[in-house]
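Subject: Structure handover, with notes on sheets and voids

Hello,

Here is the structure for your set. Notes on what was found in it follow below.

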Amino acid sequence: MTNAYAKAGVDVQAGYEVVERIKKHVKQTERLGVMGALGGFGGCFDLSAVEVKEPVLISGTDGVGTKLLVALQENKHDSIGIDCVAMCVNDIVAQGAEPLYFLDYIATGKNRPERLEQVVSGVANGCIQAGAALIGGETAEMPGMYDEEEYDLAGFAVGVAEKSQLITGQKIQSGDVLIGLPSSGIHSNGYSLVRKIFFDTHQLTGKSMIPELNGQTLGEELLKPTKIYVNAVLPLVKQQLLNGIAHVTGGGFVENIPRMLPENLAAEIHLDTWPTLPIFTVLENYGQIPPMEMYEIFNMGIGMVLAVSPDKLSEVRASLSKNGEASYVIGNITNKKKQALVFKEV
C-alpha cells in the first residue's frame with residue numbers, strides 16, 4: 001500500500017516525520033482549556049476552563065496569500081506562520097474576543113519535513129504571541145495540484161468574548177477619537193502588486209538593497225511578519241474602554257475603517273499624524289501609485305484603529321504604553337455626509 005502510494009508521489013513516512021517534528025512546537029502553545037494530545041481526529045478545548053459568564057464564540061479564518069511566494073523565493077519559512085496566525089487573531093480581537101485556539105492547514109506538492117517544521121514553528125510562535133493554543137491541523141501532500149517546491153498555508157482561529165463586551169461598533173459616537181496602532185510593515189496584503197512592482201517591473205531580487213530601507217534587504221523587509229495586537233488590545237476590551245476596532249488588512253483604510261462604523265457616522269483621518277514607514281514611500285515611488293490609492297491597498301503604517309470616547313483617551317493610551325504599544329491620534333468620528341471615510345490635511 002505504501003509503495004503504491006509512493007509511486008503516485010505521496011510519501012507517507014515523510015508525513016509521519018512532520019508530525020514528530022512539530023510536536024515540540026505545539027507543546028509550547030498549550031494553555032488552560034486544552035484537552036488531549038496532537039494526533040486525534042479533532043482538537044478539543046474545554047470552554048468551562050475559561051471564566052466567561054455569557055460566552056460568545058468568534059471565529060476567523062485566513063491565509064497568507066502571495067506573500068508565500070516571497071518566502072519560497074527567499075527560502076525563508078520560519079516566520080510566514082506568524083502571518084497566518086496574525087491575520088486570524090487580529091480579526092477576532094477586533095470583535096472583542098480572546099483567542100483560545102488555532103488550527104493550521106498546509107498543502108504541498110512534496111512533503112519536506114524540515115521545511116514544514118519551520119512553517120509550523122512560525123505558527124506556534126504566532127500562537128504564543130496571541131495566547132492561543134495550537135490544537136490541531138492538517139498537512140496534505142498533493143502532487144499534481146502543487147509543484148514539488150510549492151505549499152499553501154491557511155489557518156482558523158476561535159476566540160471567546162463576554163456577550164456584554166462584544167465590540168460591534170454600535171457604541172461609536174460623533175466626537176470619538178481614532179487611535180492608530182503602528183504596523184510592522186506591509187503585513188500580509190497587497191503582495192501581488194508588491195511583487196509586480198519590485199520583481200517584474202524593476203527586476204529586483206530579495207537581495208537588492210534600496211537606500212530608503214535603512215540597511216535591510218528587500219527580502220527582509222517584505223518578509224517582516226504581521227504584527228499581532230492581542231496583548232495590547234484585549235485589556236482595553238475587558239475594561240470596556242473601546243467603542244470600536246478596525247483591523248486594517250486587505251483593502252487598507254478605505255475598506256476596513258468603515259466596517260466598524262454605524263451607518264450614520266464617518267471617520268475623518270488626519271494625514272501625517274503618524275510616522276510613514278519607508279516601505280510605503282518606496283512602493284508609491286517605484287509603482288507610481290497615486291497617494292490616495294495607497295490607502296485603498298495598504299495599511300500605510302497603521303495596523304489597527306481604535307475608536308475611543310474623548311474622556312477615555314488618556315487611560316487608553318496609558319494602557320497601550322504600559323503594554324509596550326505605541327499609539328497615535330489619527331482622526332475622529334463625525335456625522336456622515338456623503339462618504340464613510342474622509343481624509344483631511346492637518
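A cavity, as the word is used here, is a set of grid points where a 1.4 Å probe fits but cannot get out. Please keep in mind that the model is predicted.

Cavity

How many cavities of 30 Å³ or more does a search of the whole structure find? The search finds 1. The space in the largest cavity comes to about 30 Å³. Its lining consists of Ile186, Asn189, Val248, Thr249, Ile297, Phe298 and Asn299. By class, that lining has 4 nonpolar and 3 polar residues, with no charged residues.

Second largest pocket

For the second largest pocket, the volume is about 290 Å³. The lining is made up of 17 residues, and Asp91, Ala94, Gln95, Ile245 and Arg259 are the ones nearest the centre of the pocket. Sorted by class, there are 8 polar, 7 nonpolar and 2 charged residues in this lining.

At the level of secondary structure, β3 (55-63), α4 (80-93) and β8 (244-247) each supply at least two lining residues. Of the contributions to this lining, that of β8 is the most, at 4 residues.

Sheet of 6 strands

Strand β8 also belongs to an open sheet of 6 strands with mixed pairing, in the order β8-β10-β7-β11-β9-β12. The edges of this sheet are β8 and β12 (341-345), each of which pairs on one side only. On average, neighbouring strands here are turned by 25° against each other, direction ignored.

The partner of β8 is examined next. Strand β10 (residues 302-308) pairs with β8 in the antiparallel sense, over 4 bridges. Within that pairing, Leu306 in β10 is the residue opposite Ile245. Ile245 is also one of the residues nearest the centre of the second largest pocket.

Strand β4 has two pairings to report. With strand β6 (residues 151-162), β4 runs antiparallel and is joined by 10 bridges. Asp104 has Gly155 in β6 as its bridge partner. With strand β5 (residues 133-141), β4 (residues 98-108) runs parallel, and 8 bridges join the two.

Regards

Conventions: Residues are numbered from 1 along each chain as its sequence is written. This is a predicted model: local features need pLDDT of at least 70, side-chain atom pairs count only at pLDDT 80 or more; totals for chains, interfaces and linings use all residues. Side-chain values use heavy atoms; hydrogens and water are left out. Two strands pair if DSSP finds at least two bridges between them. On a 1 Å grid over the protein atoms alone, a cavity is a set of points where a 1.4 Å probe fits but cannot get out, and a pocket is an open set with protein on both sides within 12 Å along at least five of seven lines; lining residues have an atom within 4 Å of a point. Grid points are joined across faces, edges and corners, and a volume is the space filled by probe spheres set on the points. Ala, Val, Leu, Ile, Met, Phe, Trp, Tyr, Cys and Pro count as nonpolar, Asp, Glu, Lys and Arg as charged, and the others, Gly among them, as polar. Axes are lines fitted to C-alpha atoms, for helices over the stretch in contact, and angles run from 0 to 180 degrees between N-to-C directions.
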